[in-house]
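Here is a brief report for a first look at this model. Start with the structure itself, then read on.

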Amino acid sequence: MRRLSLALAILFFPALAFAQAAKPAEALTAAESKEAEAAIKAYFEGKTDADRETAVERMRAIDHPSKTDMGKLASKAFQWTKAGPRLAEKPKVTCTDPDHAGEFEIQVASGAKKGQPAGVCIILHGGGAGVGDSGQIRSLLGAPAPGMTHVWPTVIEKTDSAWNTEREEQYVLAILDDLKRTYAVDTNRVYIAGHSMGGYGTWSIGPRHADLFAAGAAMAGGIFVGGKDGDGKLIIASGILPNLKNMPFWFFNSTDDKQVRPDSSIRAAEVLEGLKKDYGAFDFVFKKYTDIGHGLPKEGCQEIWKYVFAKKRDPLPKRVLWEPSRSYKTDFYWIRSSAGGGKFDVEREGNKFTVRGNAANLSIFVNDKMVKFDQPVVVVDGEGKELFNGTVKPSLAVMLDTIGRRKDPEMWFTGVVDLR
């Protein structure tokens with residue numbers, strides 16, 4: 001996936017620049033507005049990360065927008081998110097990303113073709129080495145949500161645990177980019193589900209990108225584990241369970257399943273219950289069956305779908321809990337980090353942000369739905385020590401960077417506090 005260089009993006013926005021007293025922004029001149037539109041065009045026409053970095057840097061030279069300027073130029077940027085290759089109008093298509101050119105079946109909501117944002121449900125198939133495809137999972141689970149766009153991808157390479165690889169994970173992200181360019185997508189109603197290997201993939205992809213999904217359902221799947229702890233309990237792979245703080249999740253297994261043991265799911269439910277005690281509510285359901293083998297619940301999946309599709313993503317949650325585990329996944333809701341590893345726990349209340357634990361290499365992005373730009377933003381650590389106190393300047397560079405990365409009208413920002 002094409003991503004703007006994190007290091008350069010952070011260098012664009014040093015915290016000291018935001019600690020100065022706020023001054024009323026002077027509107028861009030006609031020449032500056034023209035330059036800003038040219039920078040937006042250059043960003044989305046850019047072929048490399050360097051091209052996009054250069055476009056963002058051009059914005060820095062004229063970065064004193066009025067509120068009207070910001071709205072107008074953000075609208076221009078979102079128009080450009082539709083530029084580029086689009087999906088063909090047929091039931092089976094190929095992802096347009098040349099690095100992830102897998103095939104997937106698609107059923108597009110009629111409204112999405114007419115510019116009416118519709119939800120998206122991505123359903124991952126089971127299988128393994130040389131086995132499984134979109135037709136298999138479509139036959140098993142169908143299209144469970146009327147009025148929604150459904151996607152059934154086939155893995156690029158049919159290997160064991162394929163959906164757990166970074167290649168297939170980025171393929172799913174590329175499909176989402178294709179959908180956003182081609183159709184109208186309600187980005188607060190994107191769901192992921194799967195059975196067997198697809199259940200493993202739902203566990204792997206969903207939580208790692210929980211800021212993209214409204215909910216997930218892992219059926220007869222499991223989570224990778226790394227041995228056992230001193231008490232003999234399974235150690236769940238990092239980068240999964242804490243990230244579900246704001247993503248509802250339903251999962252089930254059966255004790256008589258001879259293909260996928262329920263042990264990792266049982267342990268995951270225990271860990272999630274423990275996380276509730278430390279971090280507050282986690283919305284999840286775990287069902288342990290004894291008599292369905294590797295199949296679906298005898299009562300059907302209606303209860304699962306009712307739970308899943310009732311959820312909507314909160315793009316600006318009050319508390320973000322993030323355990324990074326992919327080098328290319330540097331943004332999570334409204335925080336960014338290049339550090340990798342560890343765990344970030346950041347909570348917001350008005351213009352005050354509390355960072356518990358790791359604050360190194362952390363950037364906090366804001367918009368006018370989160371803070372009042374005419375008042376100081378205060379960031380403290382878990383002990384109440386101030387890490388930042390100052391006015392955050394609305395920035396065209398931040399706007400372009402965050403719209404370009406996410407292409408998400410519900411999750412873009414106009415200011416940033418860098419805690420490096």
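## A hairpin

β7 and β8 form a hairpin, with five residues between them. In the turn, Gly232 has a positive phi of about 80 degrees. Strand β7 covers residues 225-228 and strand β8 residues 234-236. They pair in the antiparallel sense over two bridges. Two strands pair if DSSP finds at least two bridges between them. Lys228 has Leu234 in β8 as its bridge partner.

Helices (H or I, at least four residues) and strands (E, at least two) are DSSP runs, numbered from the N terminus.

## Confidence and conventions

This is a predicted model: local features need pLDDT of at least 70, side-chain atom pairs count only at pLDDT 80 or more, and totals for chains, interfaces and linings use all residues. Residues are numbered from 1 along each chain as its sequence is written, and side-chain values use heavy atoms, with hydrogens and water left out.

The mean pLDDT (the predictor's confidence in each residue, from 0 to 100) of the chain is 93. Of its residues, 94% reach 70 or more. Over residues 1-21 the pLDDT is below 50. Where pLDDT is low, the predicted coordinates should not be read in detail.

Note on methods
Contact means heavy atoms within 4.5 Å.
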